[in-house]
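Subject: Structure handover

Hello,

Here is the structure I promised to pass on. My notes follow below it.

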Amino acid sequence: MLDPEDGFPRAAWETTQPTARVARIRERLLNEPRRVDLARAVITTESYRRTAGAPMPIRRAEMLRDLARETPIAIYAGERIVGNRSLLPRMGVIAPEGAVDWLDRELEILPTRPQDQFHITPEEIATLRRDVFPYWRGHTLEDTVARRVPAHIMRAVKARAFSLNQTDHAQGHILPDVEGWLRLGIGGLRARVADGTRDHAGDPQAAVFYEAAGIALDAAALLMRRYARLAAGMARAEDDPARRCELAEIAVRCRRLATQPPADFIEALQAVWFLFVLLQMESNASSFSPGRLDQYLLSYLARDLDSGALTLDAAQEWLELLWLKFNEIVLLRSSASARYFAGFPIGFNVILGGQTRDAEGTDATNLLSYMCLRAQADVGMTQPNLSIRIHRASPQPFLRAASSVIGRGGGMPQVFNDEVIIPGQIGRGVDPADARDYAVVGCVELSTPGKALGWSDASMFNMTRVLELTLYGGRDPLTGDQIGPATPALDQLPDFAALEAAYDAQLEHFVALMAEGCGIVERIHAELLPSPFLSLVVEDCLARGLDVTAGGARYNFSGVQGVQVANVADSLAAVKQAVFDEGRVTGAALLAALRADFAGQEPLRQRLINRAPKFGNDDDRADAFAARWADRYSALVASYPTARGGVYQPGFYTVSAHVPMGAHVGATPDGRKAGEPLADGGLSPASGRDRRGPTAVLRSVGKIDLALASNGALLNMKFLPAFFQGDAALDSFVDLLRGFSALKIPHVQFNVVSAETLRQAQAQPEAYRGLVVRVAGYSAYFTELDRALQNEIIARTEFEET
């Protein structure tokens with residue numbers, strides 16, 4: 001097998017380009033009109049009607065079998081890896097068991113709304129309102145959550161102290177056991193179901209679980225056989241001999257995979273894609289992630305290259321065909337959600353490199369790692385969400401190749417740091433071998449492939465909003481309502497220590513409410529939306545006879561994100577200096593200025609911005625507050641158990657939520673005006689406040705004990721394209737990555753684009769249709785984003801040199 005460094009020398013990265021087939025399919029996907037898919041909604045509704053009264057795991061499995069049997073399917077022009085959860089690519093699929101009310105309100109505006117438009121006909125709207133929505137009203141996940149979450153928790157949610165997520169769709173955000181799926185195939189999984197049925201004889205709950213698991217496997221085989229029949233029929237009707245042969249081969253592969261594990265690299269790629277199609281069919285959720293694809297596919301590739309069954313160029317094209325399939329599934333979101341999460345971030349996270357599972361932690365980089373980087377360079381679309389793992393022994397050629405791809409723009413790959421993540425996972429109770437095998441879910445969430453339901457998007461906790469409530473004694477500054485515990489307001493505090501004590505009391509109160517609310521949501525999922533197919537590919541569900549939503553996985557965490565520690569640090573540093581140390585403004589006067597959104601107080605605002613220390617400049621006066629309160633939040637979160645027998649894991653990332661979350665926070669002592677976005681990312685400094693270069697940002701972030709942030713953390717940085725020109729510049733960037741690793745920071749991602757280019761894209765969107773940028777944990781086409789989010793990306797600090 002070729003040595004990775006020999007297979008992809010530096011010169012290849014400058015000239016790599018997709019094959020004609022890949023380029024044609026890519027262009028078709030970019031131009032594919034997006035339509036609403038009614039099939040899942042209609043089939044699911046009829047399936048639930050038919051199975052009324054049966055145990056819910058059986059109903060969910062029968063639903064999947066009905067979907068596998070009845071969903072219209074197609075094989076698209078030129079493709080060789082087949083399968084989709086809808087008839088056409090990029091259709092907006094409706095899962096009515098999750099929610100119908102928001103969709104009913106928005107059906108007419110779907111084709112014209114500002115972000116993520118979908119075409120729908122009047123006839124389709126009529127079908128939904130006549131045949132689907134009436135059955136589900138009052139019985140969806142969203143309806144049940146609304147009934148069961150008590151008023152004292154909803155009061156805090158409505159006050160924007162924190163969110164409760166995963167309330168309108170089934171569970172995603174997980175790394176299935178892809179390696180096990182490939183090794184066992186459907187036949188091997190059937191044997192495990194049979195073993196479990198025998199081992200748990202006499203247990204009625206387990207009997208239901210195993211019956212549902214068997215039905216789910218029937219669904220998987222049924223779908224594969226349908227594609228085999230379709231391909232065979234198309235082959236018989238095909239005039240072009242080359243395409244006829246391709247279709248016949250597709251039929252053979254699909255027929256084999258319906259009973260057997262894959263035998264070669266091509267079958268393994270097809271099997272991987274079928275797995276994710278089936279997971280999406282069952283749950284219609286985001287962030288089912290392939291994980292360490294370069295590890296579990298390597299043996300198939302090596303055998304085929306060594307035997308001569310595949311050339312390296314042919315294998316590269318096959319890999320890129322899979323890359324294209326990851327762009328065929330999108331998520332239909334509400335207008336409010338699409339405004340801030342536009343661009344269909346579905347979260348197929350693939351991660352490369354890092355260390356092996358063995359005790360020595362050997363470097364895991366291999367030829368397939370380089371091929372995946374090349375696939376990203378060639379395809380350049382928003383999925384999969386490509387990541388790399390680095391550590392002190394990461395090979396220089398791998399980091400140079402990754403840096404070269406980063407320099408092309410598009411925000412990928414993002415970078416994760418073994419040096420802090422692995423100890424952090426072990427600290428949460430993950431077995432060391434599993435910790436060394438970690439991968440990433442969706443955006444930046446950390447998890448163990450095939451062994452964990454990390455529920456990594458359970459909540460976003462607005463640390464800045466809680467600080468705002470603290471300044472006003474637990475009251476909302478606009479309404480005067482008492483939201484949190486009654487603590488002294490800023491104008492009543494004797495010293496700065498009393499302010500920190502009040503903030504601590506508010507944090508304790510709201511973290512407890514958040515954990516209580518998340519537990520209620522998790523228990524409702526287990527009741528209403530068990531996932532029999534997903535449970536087949538998560539250890540130890542089959543051994544325990546227990547659904548993944550009920551605690552069947554080996555690890556049962558829930559992840560909650562702290563937002564935004566930079567604003568908290570900057571605000572506390574400003575209050576300490578201006579009010580308590582220098583006495584330049586009284587607490588009462590500062591509160592009055594904040595209530596007035598600094599109207600008539602611009603000199604005070606500028607002093608708070610420019611004279612007070614700011615996080616991101618390697619200044620301990622601000623950085624100490626970030627470290628203290630990030631650590632405190634982490635400790636509070638980790639003190640609560642989950643409903644499935646694990647613990648809550650803290651994280652620090654926002655995806656794009658820093659924009660809407662900031663919209664509900666008034667003016668803050670760091671000089672931020674009411675409604676402006678919070679700092680982006682999760683660990684990023686506030687926009688424009690970091691003024692001492694990228695290494696100072698890394699040093700500030702490195703002062704936080706981020707081993708505690710075991711659910712994941714996010715740091716955004718932006719570089720000008722000129723920085724990556726020439727070998728010396730690339731080596732400087734690799735040095736930056738190694739410094740990031742040494743500072744024990746878990747994550748960093750990069751936008752490589754100038755603010756001027758982004759402004760031109762705003763002015764001429766049609767000319768920049770393919771411009772991909774990093775938003776916050778995912779990449780999207782810049783012109784599809786909301787204007788406020790575009791402006792926030794433009795405002796991020798640009799770095800020209802390290």
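This is a predicted model: local features need pLDDT of at least 70, side-chain atom pairs count only at pLDDT 80 or more; totals for chains, interfaces and linings use all residues.

**Aromatic rings**

The centres of the phenylalanine 276 and phenylalanine 348 rings are 6.0 Å apart, with the planes at 90°, so this pair is edge-to-face. Phenylalanine 276 belongs to helix H13, while phenylalanine 348 is in the loop between H17 and strand S3 (349-353). The pair therefore ties together parts 72 residues apart in sequence.

In total, the structure holds 23 aromatic pairs. Another one joins tryptophan 273 and phenylalanine 326. Here the ring centres are 5.6 Å apart and the planes stand at 85°, so this pair is edge-to-face. Tryptophan 273 lies in helix H13 (residues 265-283). Phenylalanine 326 is in the loop between helix H16 (312-325) and helix H17 (335-340). The parts they tie together are 53 residues apart in sequence. Tryptophan 273 and phenylalanine 326 are both buried.

These residues belong to one cluster: ring pairs link Trp273, Phe276, Trp323, Phe326 and Phe348.

The charged end of arginine 389 sits over the ring of tyrosine 438, 3.9 Å from the ring centre.

**Nonpolar cores**

The largest nonpolar core has 232 residues. Which of them touch the most other members? They are Phe162, Trp181, Leu297 and Phe750. Helix H11 (residues 204-237) gives this core its largest share, 16 residues.

Take a look at leucine 297. Not counting residues up to four places away in sequence, leucine 297 touches Leu182, Phe265, Ala268, Leu269, Val272 and Leu368.

There is also a second, separate core of 42 residues. Among its members are Val430, Cys443, Phe557 and Val753.

**Glycine 450**

Last, a glycine in a loop. Glycine 450 is found between strand S7 (445-447) and strand S8 (459-462). Is glycine 450 buried or exposed? Its relative accessible area is 1%, so glycine 450 is buried; the cut-off for buried is under 20%.

What is glycine 450 in contact with, leaving aside neighbours within four places in sequence? The contacts are Leu175, Pro176, Asp177, Val537, Val538 and Glu539. Valine 178 is 272 residues away along the chain, yet its C-alpha atom and that of glycine 450 are separated by 7.1 Å.

Best wishes

Key:
Residues are numbered from 1 along each chain as its sequence is written. Side-chain values use heavy atoms; hydrogens and water are left out. Helices (H or I, at least four residues) and strands (E, at least two) are DSSP runs, numbered from the N terminus. Buried means under 20% relative accessible area, exposed over 50%, partly exposed in between (1.4 Å probe, protein chains only). Contact means heavy atoms within 4.5 Å. Rings of Phe, Tyr and Trp (its six-membered ring) pair if their centres lie within 6.5 Å; planes under 30 degrees apart count as stacked, over 60 as edge-to-face and the rest as tilted. A charge sits over a ring if NZ of Lys or CZ of Arg is within 6 Å of the ring centre and within 35 degrees of the ring normal. A nonpolar core is a set of buried Ala, Val, Leu, Ile, Met, Phe, Trp, Tyr and Cys residues joined through side-chain atoms within 4.5 Å.
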